[in-house]
Amino acid sequence: MDINSSNIEAIVRQVLNDMKGTQAPSSSASGGNIPSTAHVAMLTELEKFEVKEFPMPAVGDDDILVKVEGCGVCGTDAHEFKRDPFGLIPVALGHEGTGEIVKMGKNVKKDSAGKPLTLGDKVVTCMIFKDNPDITMFDLNKQNVGGADVYGLLPDDDIHLNGWFSDYLLIRGGSTVFNVSDLDLDSRILIEPCAVLIHAVERAKTTGILRFNSRVVVQGCGPIGLICIAVLRTMGIENIVAVDGEAKRLEFAKEMGADKTVNFKDHKGIEALTAAVKDAFGGYEADFAFQCTGSPVAHSNIYKFIRNGGGLCELGFFINGGDATINPHFDICSKEITTVGSWVYTLRDYATTFDFLKRAKAIGLPMEKLITHKFPLEQINEALKTNLNMEGLKIAIVNK
Ligand SMILES: [Zn+2]
């Protein structure tokens, strides 16, 4: 009896020890104090975010829990805030976010580029290829990431931590995630919009027209046009003319590397405007043009700035902005213009963007000045309204 009971006791002790033993290595690694709840800005109705509190979710073997540091406000967020065109309400928005890994599942070892991941690393997310896990960043047949899911535009679910306008985000297994610990917070917030321009310039390069000594006109000096100028400068293109209707933005275009600027409000009619652009290039038309506004008239106009045999990259119409009128004979055929469209980016462009941001800094481009407003999460409604009022350039939510 005695022997049996002590045996059972020993066996139970052994089983308990084994459980502990197997549990310890299989449980997630955690980097210190994680609160029991997370705060998420939920868009609950048009033009209204509410900061909601949810229990901190369990971190699965392939998941990563990120403490959010900041997230840029995108035009897409503003559209969703104002009109809900994607029918997502209630939804947690914010896709231009970045933060620190505070907990990760045992299977998480590397990021999507093969770089090791550890607690404390700073990360960004790109796309979630739920329906097509075969797409990798080296799939050259994949032109851009259209059609994939993205944190910040996912419908709400049981986990709730789906958008970067929050203090914690759960990156689920199968998502693309990049270790960007070597970039400062402002740079990391700018990665997503910068990737749009890296992609656009890669598209432009496929025409074979964009060269070191090219005369390039960039129309539209919002964040996209300004970053376009910066990308061109980091490539060594110096002969850049920026066109916009706002003196302040044109001033900034010069800081970002534009050689000359043209304010379209100073020139009545397309002939006068074309002459002004030509003047800015010392009497020449542009070899290449980037159209960075969402205005159909701006699209119609831009052909006039381009020389015979020149090229155009149209990237201003991320969403449908209506029809534009062109004259196929004068604008395209007789001038033999090569046109490319650009939309979103590829995973490969993301990796290139990290290097671009370092290079921009190294040549003294004031990228950080693109972020003109920073709001805490509690003031997210104000942040979105600031974006809708077209005040400033890049608006960001930055957590304390
Ligand atoms: Zn965006």
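Predicted model: local features only at pLDDT ≥ 70, side-chain atom pairs only at ≥ 80, totals over all residues.

Reader: At what angle do helix H3 and H4 pack?

Author: Helix H3 covers residues 185-205, and its axis lies 9 Å from that of H4. Axes are lines fitted to C-alpha atoms, for helices over the stretch in contact, and angles run from 0 to 180 degrees between N-to-C directions. Helices (H or I, at least four residues) and strands (E, at least two) are DSSP runs, numbered from the N terminus. The packing angle of H3 and H4 is about 55°.

Reader: What word describes how H3 and H4 lie to each other?

Author: Angles under 35 degrees count as roughly parallel, over 145 as roughly antiparallel, 65 to 115 as roughly perpendicular and the rest as oblique. H3 and H4 pack at about 55°. The pair is therefore oblique.

Reader: How many nonpolar residues does the contact of H3 with H4 have?

Author: Residues are in contact if their C-beta atoms, placed from the backbone, lie within 7 Å. Among those that meet are Leu197 and Val201 in H3, and Ile227 and Val231 in H4. Ala, Val, Leu, Ile, Met, Phe, Trp, Tyr, Cys and Pro count as nonpolar, Asp, Glu, Lys and Arg as charged, and the others, Gly among them, as polar. The contact has no polar and no charged residues, and its nonpolar count is 13.

Reader: How do H4 and helix H9 lie to each other?

Author: The axes of H4 (residues 223-234) and H9 (residues 347-362) come within 10 Å and cross at roughly 80°. That angle makes H4 and H9 roughly perpendicular.

Reader: Which residues of H9 make the contact with H4?

Author: H4 contributes Ala230, Val231 and Thr234. The residues of this contact divide into four nonpolar, one polar and one charged. On the H9 side they are Phe356, Arg359 and Ala360.

Reader: Which strands stand at the edges of the open sheet of three strands?

Author: The sheet has the order E3-E2-E5, with antiparallel pairing; two strands pair if DSSP finds at least two bridges between them. Each edge strand has a single partner strand, so one side of each is left without a neighbour in the sheet. The edge strands are E3 (48-55) and E5 (91-92).

Reader: Which residue in E5 is the bridge partner of Met42?

Author: Two bridges join strand E2 (residues 37-45) to E5. The partner of Met42 is Ala92.

Terms used:
Residues numbered from 1 in each chain as written. Contact = placed C-beta atoms within 7 Å.
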